[in-house]
Structures are given as C-alpha cells and as structure tokens.
Amino acid sequence: MKAFVYRGPGKKALEERPKPEITAGTDAIVKIVKTTICGTDLHILKGDVPTCQPGRILGHEGVGIVDQVGAAVTVFKPGDHVLISCVSACGKCVYCRKQMYSHCTTGGWILGNRIDGTQAEFVRTPYADTSLYPIPEGADEEALVMLSDILPTGFECGVLNGKVQPGSVIAIVGSGPVGLAALLTAQFFSPAEIIMIDLDDNRLEMAKRFGATSSINSADGKAVETVMKMTDKRGVDTAIEAVGIPATFELCEKIVTPGGTIANIGVHGQQVALHLECLWDRNISITTRLVDTATIPMLFKTVRSHKIDPKRLITHRFKLERILDAYETFGNAAKTKALKVIIEA
C-alpha cells in the first residue's frame, strides 16, 4: 500500500509499505477513504514530538471502511463505514473510566505517533469497539473527517476547558484550523464577544465569516493594547491559545481578566515563560489538555442536525499520491490560504 512516512526532522516520503495486519483481538483494519493533515503533523516534521520516531506512517484522522476485525471486536464488521478517533481508548483503564481517553494506559494518541497512522491506504486501529464510530448512511464523510480531531480538540481543549459562558468575552489567539474549530463550537454557549487574533488577514476574514465579532492583526505588536481598549481595560474572560509558540501564550497571559481562564490548545515544542510576577494575585486558571474525543457523539449530532458545518474548514483536496503537494500547501497556508486539506486514499 501507499503510505506517507516521517523520516526524521524535515524529512518525509510517500512509500510502499506492507498492508497492516491484525495483531490483537481488539484490532480492526480500516481501508481509508478520506484523511487529512493536522498541525500536529507539522510539529512532528519539525522534530517537536519525540515520541514519534523516524519510519512512522503519519496521520491520526479519517473515515474509512472496515476491512478486517479481530476476534474480540463485537460492534463492527467488514464493510461498515466508520469514523476513526484520533485517540485510541481501551475503555477499561483508570483514565478511560474518567473519560480521559487521551491518557489511556495502553492507547491514547498513538495513531501516527507511536504506531502507524491514517495517511495510508489502510490503517490498523487498536480497540476498535471503543475507538471507531459508525457513520450513518448518507452522511457527508468529508465533514465527518473534521470530527476525528480538529473539532473535538477546539471544543474540549479550548471551549470546555476555557469555561466559555453565555455573555462572556473570549479571545482566540490563532485563527488556523483549530482556532476556527474553537470559534465554531464556542458559539454553542452564546458568548457576547469572540475576538480572533492572528497575523494572517485572510484567516481573520474567514473567522469573521465563521462568527467572530471582531478581529485583530497582531503584526504591529499592539494586540494587547487593542484588546484592552476593546474591553474597557478589563481583558477577556477566556483566552484560548491555539498556536503553540511562546509569543502567543504570553499574549494570552497579558489579555486575560482577573478571574479569567487561559485555555491552551497549541502543541508547544519549546519553553514558555509563565509570568507569575504578573499573575500571582489575579485568580487566573490555566488549563492544558490533550483531546479525549469524548464529545464526538455529541458533535456527530450537531453536524447531522446542521447546527454547525465543519466542512467549511476544508479548502483543498488531493489524492493520496499527491500527499507531498498537500503537505506543501498546508504548510504554506499564508501563501496558499489553506485551512484543512482532504486527502482521498
């Protein structure tokens, strides 16, 4: 089969690999129909994720058709159309019983990280009964790819962890795909204002179309001043960090109001300064999280009822044999205006 392989920092290749095989009774082999590229994949290619070793097939999102199942799989059978969660959950360990599936003692975020992932023609998915979701007939599979990771990540790590409330004022720092996913799902809670902050005018314009009440281009270095002016020097109730670099996290520290929350989504590959000299007396909460995908069933319902349309995040489409072009497009989003790319296997 064809597969996209990480070959070390800055190195990648489309290769021929053996089709995966069942190695445990709880496994399923899924024929990939559609997958995508995540910002986390770019972090892997930079060398920011040491758990992902060279030689790994990347990818942790997608929809497909069950090809084979292990002897212990009872929910799915060959031919079933399924959504693949980016997190594999045994359903039995102490963390899974808390719905902290990302910290499953034998699973978690392993696809495209510790084991081979979904940017291939086939993938082995551990714990199939608790890590796959049936796709109803007639569902838009492209839209559902966004439910593997990006939508629950924005919702769980940003909106829920950020304690977004009706009437609150929130700022999302980073108007890329995960920031826009947080923007879409924050609107479930009717915040009074959603301020998007980014360096890219195209993405900020997209954010306005997605429901942002205002936007700030931070290129002039005056984002903090602008936010304070917009909020009568109060700051924001929730600051969501959706980039993963020191400058954007420190921006969140400066714009959050006393009693507010900083919710981190970004994947951080380098040290960030925590300015306790400014925050120690301000009743600030700082939350971190790896997506658990516990909200996928709820998000399924909102997509099916057309409450949100995650397909709006998709800007480009490629065949698997052109995945190198897809990475080039996704990695140069400022030039290509890319948000999410769909890759058809």
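## Helix 7 against helix 8

A crossing is left-handed if the near helix is turned anticlockwise from the far one by less than a right angle, and right-handed if clockwise. Helix 7 passes helix 8 in a right-handed crossing. This is a predicted model: local features need pLDDT of at least 70, side-chain atom pairs count only at pLDDT 80 or more, and totals for chains, interfaces and linings use all residues. Residues are numbered from 1 along each chain as its sequence is written, and side-chain values use heavy atoms, with hydrogens and water left out.

Helix 7 spans residues 223–230 and helix 8 spans residues 246–255. Helices (H or I, at least four residues) and strands (E, at least two) are DSSP runs, numbered from the N terminus. The two axes come within 10 Å and cross at roughly 30°. Axes are lines fitted to C-alpha atoms, for helices over the stretch in contact, and angles run from 0 to 180 degrees between N-to-C directions. Helix 7 and helix 8 are therefore roughly parallel (angles under 35 degrees; over 145 is roughly antiparallel, 65 to 115 roughly perpendicular, the rest oblique).

## Residues at the helix contact

Helix 7 brings Ala223, Val224, Val227 and Met228 to the contact (heavy atoms within 4.5 Å). Helix 8 meets them with Leu251, Lys254 and Ile255. These contact residues divide into 6 nonpolar, no polar and 1 charged. Ala, Val, Leu, Ile, Met, Phe, Trp, Tyr, Cys and Pro count as nonpolar, Asp, Glu, Lys and Arg as charged, and the others, Gly among them, as polar.

## The aromatic cluster

The structure holds 3 aromatic pairs. Rings of Phe, Tyr and Trp (its six-membered ring) pair if their centres lie within 6.5 Å; planes under 30 degrees apart are stacked, over 60 edge-to-face and the rest tilted. Phe155 and Phe188 have ring centres 5.5 Å apart and planes at 80°, so this pair is edge-to-face. Phe155 lies in helix 4 and Phe188 in the loop between helix 5 and strand 9, so the pair ties together parts 33 residues apart in sequence.

Phe155 is buried, at 4% relative accessible area (buried is under 20%, exposed over 50%, partly exposed in between; 1.4 Å probe, protein chains only). The rings of Phe155 and Phe189 have centres 6.3 Å apart and planes at 15°, so they are stacked. Phe189 is partly exposed, at 27%. Phe155, Phe188 and Phe189 form one aromatic cluster.

## Leu160

Leu160 is found in helix 4. Leaving aside neighbours within four places in sequence, Leu160 contacts Phe155, Phe189 and Thr295.
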